[in-house]
Amino acid sequence: MTAQPPLGNGEEVLFSSLADVESVAKTRWLKNKEVLYVLRRCAELNMRASSDIVQHPRSGQVVLYDRSAVKHFRRDAHEWKKKRDGKTVREDHEKLKIEGVPLLTCCYAHSEATATFHRRIYWLLPPPP
């Protein structure tokens, strides 16, 4: 097992359950350090990867997918803004840093119907060499 970079401020406990994560996610976007904590400790938080695509996920809902097992996890029945071609969803991709080290990729999509509704998808980057 490869040593993981620290979360910051030691190995503090940020959440103790999925309910804790979702209570924060309902009020604001999770911070980079919080997302990293959730992805690294999903088993400890009793989060299980969904084998089915969640249709119309609600605001603040946190869903864990194994991208290799659920290929079309983005097909969640919401209408997202499209690119100029009118066919593909417009997604913005960012590499997110924690303590100056890029550890996460985030993919943003914006709702076609509601300006304040967004989808954020995160995944871990390979550990730095």
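**Ground rules.** I noted that this is a predicted model, where local features need pLDDT of at least 70, side-chain atom pairs count only at pLDDT 80 or more, and totals for chains, interfaces and linings use all residues. Residues are numbered from 1 along each chain as its sequence is written, and side-chain values use heavy atoms, with hydrogens and water left out.

**Fold.** I found two helices and three strands in the protein chain. Their order along the sequence is α-α-β-β-β. Helices (H or I, at least four residues) and strands (E, at least two) are DSSP runs, numbered from the N terminus.

**Size.** I then checked the radius of gyration, which is 15 Å, close to the 14 Å from the globule rule for 129 residues, so the protein chain is as compact as a globular protein of that length. The radius is taken over C-alpha atoms, and the rule is 2.2 Å times the number of residues to the power 0.38. The C-alpha trace spans about 45 × 30 × 30 Å along its principal axes.

**Burial.** I read that 33% of the 129 residues count as buried. Buried means under 20% relative accessible area, exposed over 50%, and partly exposed in between (1.4 Å probe, protein chains only).

**Cores.** I looked up the largest nonpolar core next, and it has 19 residues. Such a core is a set of buried Ala, Val, Leu, Ile, Met, Phe, Trp, Tyr and Cys residues joined through side-chain atoms within 4.5 Å. Helix 1 (18-25), helix 2 (32-40), strand 1 (91-98) and strand 2 (101-110) each give two or more residues to this core. Among the residues with the most contacts inside it are Phe15, Val21 and Val38. Beyond its neighbours within four places in sequence, Val38 touches Phe15, Val21, Leu45 and Met47. A second, separate core has five residues, including Val70, Phe73, Cys107 and Trp123. In soluble globular proteins, nonpolar side chains tend to be buried together.

Is Glu22 buried or exposed? I found Glu22 in helix 1. Glu22 counts as buried, at 13% relative accessibility. Leaving aside neighbours within four places in sequence, Glu22 is in contact with Arg58, Gly60, Gln61 and Val62. Glu44 lies in the loop between helix 2 and strand 1. At 58% relative accessibility, Glu44 counts as exposed. I also noted that Glu44 and Phe15 are 29 residues apart in sequence and 9.7 Å apart in space, C-alpha to C-alpha.

Conventions:
Contact = heavy atoms within 4.5 Å.
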